[in-house]
Amino acid sequence: MGKQLNSGNWRYRYTRRISVIDGLVVAWSVVGAHLFRFGMHPAEANAISGAPVASYNLVTLLLPFIWWLMLGAWGSRESRILGTGAEEYKRVVAASLWLFGSMAIVAYALQIDLARGYVGTAFPVGTLGLVVGRWVLRQHIGLERSRGGSASKLLLVGGSAAMGHLVSALISTPSAGYSPIAGYLTGDDTQRVDDAPELQLVFGHPSASNIHNAAVAVGADAVAITTGVHLTPQTMRQLGWDLAAANIGMILAPALTDIAGPRIHTQPVAGLPLIHVSTPKLTGGKRVAKRAFDIVGSGLLIMGLSPVFAAIALAVRMSSPGPILYFQERVGLRGSTFKMTKFRSMIPDADRQLASLLVEQGSADAPLFKVENDPRVTPIGGILRKYSLDELPQLFNVFLGSMSLVGPRPQRDGEVALYDKAAHRRLYVQPGMSGLWQVSGRSNLSWDESIKLDLYYVENWSLAADLVILVKTFKAVFFSTGAI
């Protein structure tokens, strides 16, 4: 227990903070709903012909406590889900839904008339408050983790290649809360870990006792086992027992990369935890939902931004000679081509100068035709491109079906011709006005980083992810430096 309170002290502090915030939020929402619905006077529900009368004073007294217990029972305060991912939020919402759903069922069964204004205020206000409270605490712990604190210390067990990949992934995402401090390599794998030369390495036979002793020696909070090392089922079982006795966690990190949680399903079969990876598909109802979302979203944005369209069109017309709109052929879904529309931000003959400019800066053979300090951009065009206002006419492409609000950015024929086999998977979904790499670094990312994010989007598409990307797009446009 001493180890848990020392090296894992951040978990104790964070869980305690969440418990306090949860208690304050549910008490505030329930008491607030009571005062909003009934005022300061004792309230009782009207009975339904002969049914018992429910005292809301008692309900208001008990409900916050029961709600707080439900959040704990649903595992919303488990340390392994805190601070990263959507699972924490899902459990908060699920616990709240189950509580108020159970209340509704009991009230119906016992013919108790619950005031709709009371329940209709307490549930949404409380649930939203819980989610916001968790989000605020998550920002705080994210800041701590970016400074190297509030993270679980990991001993990695596996081959040098797999270990290096895992280290680079964890280091690039400090908000996940894992800090690799040492690696355990078997005697026949004596390579250094190229992606983490500072990682302390321990060499030895892959036995449960050796790994356990190494974890204790380096002060690890958890042991992460990846590929490249052979551990028998008996060794894995014994290792789990030994680590549990020492309050050290055990994490299995299979070689599954760029796969989101919803595609991974664990099914126990004959005592074996089989991992099923579902095939990514954007067909049927999912495709209809995405298209409906695009039509409604783009239609509303076109109507709401019509004054902005008029102002930009006037500015482009008055700033330099040439057309207001710029049309360029881009490659879309399954390799089909379409005319992408933008407000003109360059001089009229900009396309004819592109090849020479790319050769001049030495990037003609790169599959991302970007010109640094582009001399073709007009003064008003520079402003439009800084805030991505030149992209607004693509809302008409979205509305008409050649593009989507979210997806990989469409590219030119010449760029697509430089794709490797993996990059061609970008064309499996409709190209978008914004995408995952645009909100993860925008044009400051390298091509390899950009394609990795685009492929992750293609492999793990969901409507919820689209909504998150759209929300982040606003921040990326107005608080970043690179153009989308």
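Visitor: How many helices and strands does the secondary structure of the chain come to?

Guide: The chain comes to 16 helices and 11 strands, where helices (H or I, at least four residues) and strands (E, at least two) are DSSP runs numbered from the N terminus. This is a predicted model, in which local features need pLDDT of at least 70 and side-chain atom pairs count only at pLDDT 80 or more, while totals for chains, interfaces and linings use all residues. Residues are numbered from 1 along each chain as its sequence is written, and side-chain values use heavy atoms, with hydrogens and water left out.

Visitor: What span should helix α4 have, and how far apart are its end C-alpha atoms?

Guide: The expected span of a helix is 1.5 Å times one less than its number of residues. Helix α4 (residues 87-109) has 23 residues and should therefore span 33 Å, which agrees with the 32 Å between its end C-alpha atoms. Just after α4, Q111 takes a positive phi of about 55°.

Visitor: Which residues of α4 are buried, and what covers them?

Guide: Buried means under 20% relative accessible area, exposed over 50%, and partly exposed in between, with a 1.4 Å probe and protein chains only. An α-helix has 3.6 residues a turn, so residues three or four places apart point the same way. In α4 the buried residues are E88, Y89, R91, V92, A95, S96, L99, F100, M103 and A107, and their cover includes α2 (9-38), α3 (56-73) and α5 (116-146).

Visitor: At what angle do α4 and α5 pack?

Guide: Axes are lines fitted to C-alpha atoms, for helices over the stretch in contact, and angles run from 0 to 180 degrees between N-to-C directions. For α4 and α5 the angle is about 160°, with the axes 10 Å apart. That makes α4 roughly antiparallel to α5, a term for angles over 145 degrees.

Visitor: Which residues of α4 and α5 meet?

Guide: With contact taken as heavy atoms within 4.5 Å, E88, Y89, V92, V93, S96, L97 and F100 in α4 meet a set in α5 that includes V119, F123, L130 and W135.

Visitor: Where is W74 placed, and which residues does it touch?

Guide: W74 lies in the loop between α3 and α4, and because its relative accessibility is 30%, W74 counts as partly exposed. Not counting residues up to four places away in sequence, W74 touches R91, A94, A95 and W98. W74 and W98 are 24 residues apart in sequence, and 9.8 Å apart in space from C-alpha to C-alpha.

Definitions and conventions:
Angles under 35 degrees count as roughly parallel, over 145 as roughly antiparallel, 65 to 115 as roughly perpendicular and the rest as oblique.
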